[in-house]
Amino acid sequence: MRNQAEIITVVPIPGEVPIQERPQAPAVKRNIAKPKKKKMMFPADLTQALELLVPLEHLPELMAKGGEHLVFTFEEEKPGTGEKRHPNIVYKVNFAQTADALKEFIADAGHQPEEDRLRQAEQRLKQEVGTRRRNVQQLRSYFGKDAVPAEQTMVRRLPISFEAVRALKKPIVAPKKNLPPEFPMLVTVQRKMPEFDAKISLSGYYLEMNFRLDEDRDENKEYFRRQKQFYALCYLVFVEQRLPKDAEEWTGADLDRLIAQMYPELQGLMQKDDPALLDELADLVERMRRYSEETGNVLDLAAPGNVLLTEKDERWRPMMPDAILPNECTFDEARLYANYFKRLPPDKHLDYRTVIVLMNALNTVRVINALMLIALQRDPDKPAPDLKTIPFLHFEEFDNLDLDRWIKELAYHNVF
Ligand SMILES: Nc1ncnc2c1ncn2[C@@H]1O[C@H](COP(=O)(O)OP(=O)(O)O)[C@@H](O)[C@H]1O
Ligand SMILES: [Mg+2]
């Protein structure tokens, strides 16, 4: 998470921040020497907890950790041959969904025999397997088999320990005395992505996270005011597709600046002056829009590395190793919730799932629309185009949300 000082510097207040030129595209570098493979560093307690969990000779190597998955490789050598075992796959253990099943398992302790509770956890996770398989097939049909790595998701009982659960920082109620030695986990064996010369991540994040501070503290009031103004501006442009009233003189450069401030991760993409990259981006964004409208599934665009444009031998290609949201989340559901929210009596609150679904749907719409604008290559010096003429992803139900109340709901559920 970026710190507060950094966030403040990126909040534009119309009229207060001088308009900047679109950054000059740096010369495109070619034939760059391949960077040496860096050894990933993980928190010592996590590494140690995992090493203690299974005998070392069977321990896969921890390659990455995202917000949901521990990603392992099994590249140990076959004894005496120098050959690698399984060099083409990664083994992804979904610790987030496993933790949800574990919470339920612990909460039911004392009511039912352990084996029954383990089977219930297994059943719960198996439902997710069916949904995920369907979603992967759909994703592959829209984006191609090269972009969406082949995978097999299953439920497997694997060793578990109090230390590993604690190191993953998932708050589990009183796990120590109630943990079995093994627990069912959602595991995906996925084709390993090839090495690239370059990659650009096409993600946003939950802008709502910028409200993380305590609003009532005096020193935070101004920060909050600016964040709300910024949030409202991003919502207006990228969800409702309107420019602010005082924006007659907005140019393409103002829209670029807003995108760069909203999702700093997209700045690298915006600075590239590479027609082949923009062509690939335009094709990918059009597919994302069609996928969203036709299947109704909400892509997971809230974390780095879920959707990438990758370059190998001077060719750009999309790669989507983690674009599916867990606990299937659809735009139909989000629209239902948006309408429900508009009619919510003042003394009632949204439930947690509603907040999470809306937050994801809003982020995905903003990211796809920001990418759409980047792909269209508007002239930074010309007046900003009429946003209604751009083939944005638009859902009427998301217009006219009460943003102040929305922010209060986020605070109520403590999502910041
Ligand atoms: N198929 C894969 N091949 C190579 N690396 C991968 C693959 N899948 C994931 N990774 C690496 O692991 C990281 C986290 O994986 P991801 O699937 O995004 O997990 P999470 O759901 O936790 O975000 C990725 O950013 C990437 O670096
Ligand atoms: Mg991810």
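**Close-up 1. Strands E2 and E3 at ligand 1 in the predicted model.** Strand E2 (69-73) supplies at least two residues of the shell around ligand 1, and so does strand E3 (89-94). The shell also draws on both domains, with at least three residues from domain 1 (44-191) and at least three from domain 2 (197-412).

**Close-up 2. The residues around ligand 1.** There are 17 residues around the ligand, and those that come nearest are Ala64, Gly66, Glu68, Gly305 and Asp322. Sorted by class, the shell consists of seven nonpolar, six polar and four charged residues.

**Close-up 3. Helix H3 against helix H4.** H3 covers residues 95-107 and H4 covers residues 114-143; their axes come within 10 Å and cross at roughly 150°. Angles over 145 degrees count as roughly antiparallel, and H3 and H4 are therefore roughly antiparallel to each other. The crossing of H3 past H4 is right-handed. From H3, the residues Gln97, Ala101, Glu104 and Phe105 meet Arg117, Ala121, Arg124, Leu125 and Glu128 of H4. This contact comprises four nonpolar residues, one polar residue and four charged residues.

**Close-up 4. Helix H7 against helix H11.** H7 (residues 252-262) packs on H11 (residues 352-375) at an angle of about 140°, and the two axes are 11 Å apart. H7 and H11 are therefore oblique to each other. Their crossing is left-handed. Leu255, Ile259 and Met262 on the H7 side meet Ala370, Leu373 and Ile374 on the H11 side. The contact has six nonpolar residues, with no polar and no charged ones.

Technical notes: Residues numbered from 1 in each chain as written. Chains lettered and ligands numbered in written order. Predicted model: local features only at pLDDT ≥ 70, side-chain atom pairs only at ≥ 80, totals over all residues. Near = placed C-beta within 6 Å. Helix = DSSP H or I, 4+ residues; strand = E, 2+ residues; numbered from the N terminus. Nonpolar A, V, L, I, M, F, W, Y, C, P; charged D, E, K, R; others polar. Domains from an automatic or database assignment. Axes fitted to C-alpha atoms, helices over the stretch in contact; angles between N-to-C directions. Parallel < 35°, antiparallel > 145°, perpendicular 65-115°, else oblique. Left-handed = near helix turned anticlockwise from the far one by under 90°. Contact = placed C-beta atoms within 7 Å.
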